[in-house]
Amino acid sequence: MVNHEIVKIATDSPGIVIATVYLALFLPAFFIKPSSSRFMDMEQTNQLKGLAILLVFAGHIDKIVPKSWILPDISFIGVSIFLFCSGFGLMTSAMKRDYTVREFAYKRLLKIFIPYWIITAIIIPADVLLLGKHYSVSELIMTLMGINITYSLKRLDYARWFITYILIMYAFFISAVKLARTPAARASAILLMVIVMAAVLTVFRGRMVYASGFIGYIGYCIFFPLGAYFAIVKDRFSFANKSQPRPGWAGAASVITVLAYLWFCSSVAEPFRAEISSHALNHSVFAAETIFSLAPLLLALYFGGTKAKSAYLAFIGGISFEVFLLHGIIMVKYDFILPLGSFPIMFPLLFAVVLLAAYAFNRTVSALATKGALRRPFSLST
């Protein structure tokens, strides 16, 4: 077993490593089959989530390779897609029926905290026994509550900071639902809340205990309300209800998206951001960079997604949260696969192990929920 936080992959062929990662993760997504989905329905958003976790997985390869390697960080696009889909899904649901605070909290408990607590119960003892790490009582209490804002907790499994982030967005959402009546007013209230949060973190980053550790993520804050706004306006566009297929556009748009992103990130955005001293401007460029990457994905769904489905992305999207929780543990902290052989052979095997573990984890939690251990006391809409 290797902990890649300490021991990085040793190879003289970084190009082979990068090519292996991208081919293993993304090539199966281009095998598609006919579909009758509608623009941004559950089938399509599920595939977006599948793409999102693949981008996160690929982006976190930088945790196992030497720091001298220059890799495009595409994980932030995946995180932004997750936030966009979360805002979109919650607002879509809220436009159909109102949430009570009790219903909303219980559903988040089942969806977020139960898997999260199970992983926490595994990784904390493993870190102590196998890696010799120690966590204070206050850190243990904080992480069980989903408050992961210290350096050690954010790196516990490379997913915890997002739990804290999405819980904040959920709090903003349910507050907006209770404070405002119309969908537009609710989305605007969420946007106002995230702007205030970003401003407070930026202004007081040197005087708040944890602001400096969390400020690196405020560039993501625009995407949750952006998803909420998109849920409101998507049906106003004529293409949302088109039924005629436009074959070939989905794959072509996806390829163009990847190529455009790599060029923009390496040639324009990152060098420009490196010269920016202003935190506010830096995060504004970050948001623009991500929107640049997100927009063509929505166009791909418009042009071809309503008649084409990637079963691979749909499957991964269904277990995306579990993959998110497990990938850092298996790939970075407790890697027992990559040291066994050559990277081009072992990495696809490692990815398959992560998917199998995530699927088994997903089924286990679902079985507990349906067989009584976590049975819902009332009906909840999706």
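## A tour from a surface patch to the core

Begin by selecting M1, V128, L129, L130 and F336, which make a nonpolar surface patch of about 550 Å²; a patch of this kind joins nonpolar side chains (Val, Leu, Ile, Met, Phe, Trp, Tyr) within 5 Å, from residues with over 30% relative accessible area and no salt bridge, a salt bridge being a side-chain nitrogen of Lys or Arg within 4 Å of a carboxyl oxygen of Asp or Glu. Areas come from the Shrake-Rupley method with a 1.4 Å probe, and for residues only the protein chains shown count as cover.

The model is predicted, so local features need pLDDT of at least 70 and side-chain atom pairs pLDDT 80 or more, while totals for chains, interfaces and linings use all residues. Residues are numbered from 1 along each chain as its sequence is written, and side-chain values use heavy atoms, without hydrogens and water.

Now colour the whole chain, which has 15 helices and two strands, and in which 51% of the 382 residues count as buried.

Then move to the largest nonpolar core, with 104 residues, a set of buried Ala, Val, Leu, Ile, Met, Phe, Trp, Tyr and Cys joined through side-chain atoms within 4.5 Å. Helix α7 (residues 160-179) gives the largest share, 13 residues.

Finish at F57, which touches (heavy atoms within 4.5 Å) residues including L25, V323 and F347, not counting those up to four places away in sequence.

Definitions and conventions: Buried means under 20% relative accessible area, exposed over 50%, partly exposed in between (1.4 Å probe, protein chains only). Helices (H or I, at least four residues) and strands (E, at least two) are DSSP runs, numbered from the N terminus. Patches are made of residues with over 30% relative accessible area and no salt bridge: like charges are joined within 9 Å, nonpolar side chains (Val, Leu, Ile, Met, Phe, Trp, Tyr) within 5 Å.
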